[in-house]
Amino acid sequence: MPTGNPKTIDQAFKDLREEARTRWEELRQTPGPKFRLGLATCGIASGALNTKVALEETLAERGIMAQIRTVGCMGHCYAEPLLVVENPGFPPLLYHQVSPGKAKMIVRSFLEGGDPLFEHVLGAMEENDMIPWIMDFPRFSNEVRVITALCGVVDPEEISDYIALGGYAALARALESEPEDLIRAVEEAGLRGRGGAGFPTGKKWRLCAQAAGKRKVVICNADEGDPGAYMDRTLLESNPHQVLEGMAICARAVGARRGIVYVRAEYPLAVRLITTAVQQAEKLGLLGESILGGDFSFHVQVFRGSGAFVCGEETALLRSIEGKRGMPRHRPPFPVQEGLEGLPTVINNVKTLASVPPIVEKGPKWFRGVGTPRSPGTAVFSVVGDVVHPGLVEIPMGTTLRSLIFDVCGGIPRRKSFKAVQIGGPSGGCLPEDFLDTPIDFDSLVEAGAMMGSGGMVVMDEDACMVDVARYFLDFTQKESCGKCTFCRIGTRQILEILERMTRGEGREEDLGLLETLADVVRRGSLCGLGKTAPNPVLTSLRYFREEYEAHVREKRCPSGTCRALTAFYIDLDLCARGCDACVGCCPVEAIFTTLNRKKGIDQTLCVKCGECVAACPEEYNAVKKVSPPHLAPIVERPPVQET
Amino acid sequence: MHEQSKEFELTAEEAAALDEIAGALGRFGQERGNLIPILQMVQERLSYLPPRAIELVASHLGMAPCEVYGVATFYNQFRFHPPGRYRIKVCLGTACHVKGGDIILENFERKLGIRDGETTPDREFSIERVACVGCCALAPVTVINETVHGHTAPSKVEGLLLGFQIERERKEREDKKHADGESQDH
């Protein structure tokens with residue numbers, strides 16, 4: 001394969017990098033205070049846009065010249081909106097939950113008054129002898145960032161930020177290497193697909209490179225449909241260029257000229273940012289016709305998926321791009337042999353592609369140094385649910401679940417106890433406390449009955465009902481089943497109906513056995529991953545939390561008090577304070593009434609069991625109680641309406 | 001969910017947008033692969049896919065309208081009735097579910113008197129359930145138009161709806177004042 005004129009490619013890239021570095025240095029050297037605000041979807045959801053406006057207004061009002069840069073997500077969703085303030089004379093400080101008011105306060109007290117407002121500082125971004133460094137905190141120091149290294153550092157809308165910090169160097173190197181060497185590097189690194197199944201990426205590339213035909217396609221699968229997972233979105237919103245660079249290297253390795261980024265339409269910001277990124281890279285000659293002046297060309301287009309979970313499955317994804325109903329088909333032929341429009345196609349997850357530039361840049365040996373021998377590298381998880389510090393976490397493979405949940409994410413809030421962790425979304429399983437010492441890697445998780453999935457992790461405390469969680473996931477897969485395979489289409493429906501029956505308190509003794517049978521046939525009778533793994537949430541919860549199922553079926557009781565048909569709220573008259581009306585005002589259905597002695601009672605026929613009254617009842621009374629089964633609630637009669 | 005007993009009539013703006021769409025279709029090739037991007041374009045302009053738009057698309061691509069329907073109904077993104085002026089999207093992802101997202105959905109349904117997937121007759125509000133908007137750390141999440149509201153609670157639902165009502169009333173008052181002022185000028 002011709003490699004073009006090596007001198008020109010090298011020189012062309014050096015020129016680009018020089019320019020980017022000069023610009024970066026100018027940014028760094030600008031005198032005066034500097035702000036860095038996280039503006040990914042999670043930041044915006046927490047009100048970061050309002051914070052930005054308040055910041056700009058206050059600065060203008062006070063006549064302070066300051067630089068405000070917007071970046072992506074640092075992964076610390078619990079602390080959004082995050083603001084880094086660099087004030088000369090102080091180390092750069094990270095502020096958390098910066099509301100518009102707090103932003104004004106920072107400008108006034110810190111920039112003008114010299115008081116950094118320590119109570120609002122999460123930590124310093126650099127080691128210093130004044131303020132604790134963020135790396136002194138476990139939430140920061142336990143992470144190893146390979147894929148998300150530059151998230152929250154670079155401006156996703158500014159390609160030169162990424163180039164200045166070492167971006168696209170791997171592509172420049174790849175353009176001058178033989179494709180075979182690139183494939184070998186990825187093989188030696190032992191990179192496995194981050195989309196869930198963990199297929200060796202190098203092998204996939206080799207199969208595609210060997211496939212017949214000159215026209216080949218590289219697809220980046222960003223159809224992240226698992227509820228509870230948002231790593232791919234964050235990556236595309238925070239550092240889209242790393243993904244594009246990985247795609248281009250992959251294209252170079254397999255000999256593709258066409259690339260497609262398949263993004264969910266539910267991620268409008270990610271769609272916009274990746275589209276901008278493609279345009280910027282094309283403008284600088286890093287994508288498009290004859291990249292960096294060499295003879296390799298690679299054109300990338302962005303395709304918006306339209307909200308079908310099954311399209312995360314590769315053959316369904318291909319059909320969807322072809323303008324058809326996204327239904328999976330038989331494999332073989334695999335997409336690497338016959339993919340989009342019959343052309344050999346590599347389909348890789350966002351995180352897989354983002355791992356490629358560091359591998360090319362630092363070598364396979366370095367990559368193998370992180371993680372475990374069979375699953376090298378890092379894993380990115382979005383840890384959500386009942387943890388103190390939810391958010392995006394990148395850890396080396398092989399870290400135990402316990403360390404991730406308790407050390408990195410701070411454990412369970414409100415002094416509750418850990419109950420289960422759900423890994424891998426609707427295809428994964430719920431693991432109980434006994435499995436907390438399982439190392440996180442592809443094989444150990446499958447062994448435990450869950451799977452890596454794309455990296456969604458939901459932690460549940462003692463208040464979660466496992467029957468309800470299983471019902472939730474079956475409700476999801478049942479709706480998302482494409483309808484092709486009978487067992488998936490009808491089987492998931494039947495499982496769902498049984499689970500719904502249980503949560504309503506109408507479960508039958510034979511239901512438990514029926515669930516197991518159904519789960520088995522659905523798994524065996526389905527073509528694609530969706531149907532094959534759909535019973536996992538039921539099977540694992542049935543295996544590890546059987547007593548909870550039995551309580552639902554035999555005693556019509558929900559042990560955690562989640563299933564609303566099986567619970568009731570009542571007000572303990574010994575605790576209720578005379579004349580307090582806190583719960584009355586918050587009840588959305590006016591089910592709370594005042595008894596004759598001016599205490600409160602709940603009308604069970606009206607109550608919708610939303611739990612607002614529990615939250616509203618002042619802590620010193622704590623009079624609203626929840627019981628299961630519902631007939632345990634004492635009956636309090638509503639007093640007759642008095643004529644006045 | 002997709003069938004709604006009565007069909008909404010096209011407003012004047014929608015009819016005009018439909019004409020524009022007929023023109024915009026020319027920019028797309030006639031290959032089948034363009035179907036989903038075209039449907040997305042139509043929905044961006046009209047915010048839903050009325051039968052007449054489906055027919056337009058079908059004739060452009062040389063497909064039967066039922067085939068276009070077949071593809072459009074497969075994907076959750078496409079809607080077949082107009083959304084409200086306030087589009088309420090309640091997230092029912094895992095994290096939101098665990099934190100009581102269904103209670104939030106129920107509250108909106110109760111307050112507005114419509115079910116999820118429906119639009120109020122005055123086209124002010126519509127409710128949808130969405131799988132996951134990717135802000136799980138803020139669960140339970142509700143997205144109204146493009147604004148994400150984190151940590152929603154039943155009482156917050158009431159507050160949000162009340163806020164819209166107040167805003168609308170204020171706007172009506174201002175419009176009235178404006179109109180009165182103009183009539184006085186003449």
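The buried residues of α4(B) pack against α2 (35-46) and α3 (51-61) of chain B. Here, buried means 20 or more other C-beta atoms within 10 Å of a residue's own, with C-beta atoms placed from the backbone. Helices are DSSP runs of H or I with at least four residues, strands are E runs with at least two, and both are numbered from the N terminus.

This is a predicted model, where local features need pLDDT of at least 70, side-chain atom pairs count only at pLDDT 80 or more, and totals for chains, interfaces and linings use all residues. Residues are numbered from 1 along each chain as its sequence is written, and chains are lettered from A in the order in which they are written.

**Helix α4**
- In α4 (residues 65-74) of chain B, the buried set is B:V68, B:V71, B:A72 and B:F74.
- They sit on the same side of α4(B), because they cover an arc of only 165° around the axis, taken from the directions from the helix axis to the C-beta atoms.

**Where chain B meets chain A**
- On chain B, 38 residues are in contact with 42 residues of chain A (contact: C-beta atoms, placed from the backbone, within 7 Å).
- Two or more residues each come from α2, α4, α5 (94-98), α6 (101-112) and α7 (154-185) of chain B.

**Chain B overall**
- Chain B has seven helices and four strands.
- Its domain assignment, automatic or from a database, gives domain 1 (12-74) and domain 2 (86-185).
- The C-alpha centres of domain 1 and domain 2 of chain B lie 29 Å apart.
- Of the 186 residues in chain B, 34% are buried.

How values were computed
Buried ≥ 20, exposed ≤ 12 C-beta atoms within 10 Å, placed from the backbone. Contact = placed C-beta atoms within 7 Å.
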